[in-house]
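Please read it alongside the sequence and the model.

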Amino acid sequence: MTTELVKNAFLRQVMEQSKIYEGFCLQKNLSEQLISIYWREQQRIMGLPSYGFDKFPDGPANRLHKYNIFKLSDFAIQEIKATLNDLIFGRKRSQVSCWITGWYNFLESGESLGWHSHEEDHQAFVSGLIFLSSGKANLLFLDVEQKVRSLKDNKGHLCLFHTGLDHATDISQDSRLSLAFDIQVGTQKSDLWCPL
């Protein structure tokens with residue numbers, strides 16, 4: 001049912017067949033605003049309890065179930081939500097309740113994110129991220145044939161993928177910042193989620 005609401009045929013394949021969608025590039029000022037929001041919110045985020053996941057460095061990704069960056073009212077955050085709505089659902093958006101949760105991933109030079117998926121944790125149907133800075137740490141995916149695919153971390157680019165797709169990063173060669181998110185449809189699963 002969910003994939004029938006997706007307006008773009010290739011995006012439907014992303015949801016159904018674990019393909020990867022690399023899309024548009026954000027306007028420079030929007031990327032800069034999202035980076036500014038990270039630095040403004042960093043102290044609050046890092047003050048939250050860490051899960052201590054050994055797959056992630058001790059950064060904002062280790063607090064991903066403790067905050068939702070999409071609850072902020074900043075123009076840049078609202079613009080990303082509107083863009084995702086239009087990209088994925090178009091006019092069909094009014095036919096279903098959609099929810100989003102999002103967090104920042106920040107890697108220092110020499111750090112990486114270990115292999116994981118969001119399927120069990122988030123009950124979402126699509127995951128994605130926006131590269132806000134390039135640390136020369138490619139995003140890695142394990143496809144349905146168990147082959148590793150690599151996606152370059154191009155600043156400002158959006159990537160969408162099936163929530164159940166295992167992914168990780170290379171070791172970052174420089175500091176790297178991205179905004180990650182999950183989208184679900186139907187009933188809100190917890191207060192962590194907010195309307196898309």
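## Helix α3 and its end

The model is a predicted one, in which local features need pLDDT of at least 70, side-chain atom pairs count only at pLDDT 80 or more, and totals for chains, interfaces and linings use all residues. Residues are numbered from 1 along each chain as its sequence is written, and side-chain values use heavy atoms, with hydrogens and water left out.

Helix α3 covers residues 75-88. Helices (H or I, at least four residues) and strands (E, at least two) are DSSP runs, numbered from the N terminus. The end C-alpha atoms of α3 are 20 Å apart, which agrees with the 20 Å that its 14 residues should span at 1.5 Å a residue; the expected span is 1.5 Å times one less than the number of residues. Buried residues (under 20% relative accessible area; exposed is over 50%, partly exposed in between; 1.4 Å probe, protein chains only) in α3 are A76, I77, I80, K81, L84, N85, L87 and I88.

In β2, 10 of 10 residues are buried. On one side these are C98, I100, G102, Y104 and F106, and on the other W99, T101, W103, N105 and L107.

Strands pair if DSSP finds at least two bridges between them. β2 runs antiparallel to β8, joined by 10 bridges, and W99 has Q184 of β8 as its bridge partner. β2 also pairs with β9 (residues 194-195) in the antiparallel sense, over 2 bridges; here W99 stands opposite P195.

## Enclosed cavities

A cavity is a set of points, on a 1 Å grid over the protein atoms alone, where a 1.4 Å probe fits but cannot get out; lining residues have an atom within 4 Å of a point. Grid points are joined across faces, edges and corners, and a volume is the space filled by probe spheres set on the points. There are 2 cavities of 30 Å³ or more.

The largest cavity holds about 130 Å³. Its lining has 20 residues, with N105, L113, H116, H118 and H167 nearest the centre. β2, β3, β7 and β8 each supply at least two lining residues, and β8 gives the largest share, 4 residues. The second largest cavity has a volume of about 40 Å³, and its lining includes N105, F106 and L107.

Conventions: On a 1 Å grid over the protein atoms alone, a cavity is a set of points where a 1.4 Å probe fits but cannot get out, and a pocket is an open set with protein on both sides within 12 Å along at least five of seven lines; lining residues have an atom within 4 Å of a point.
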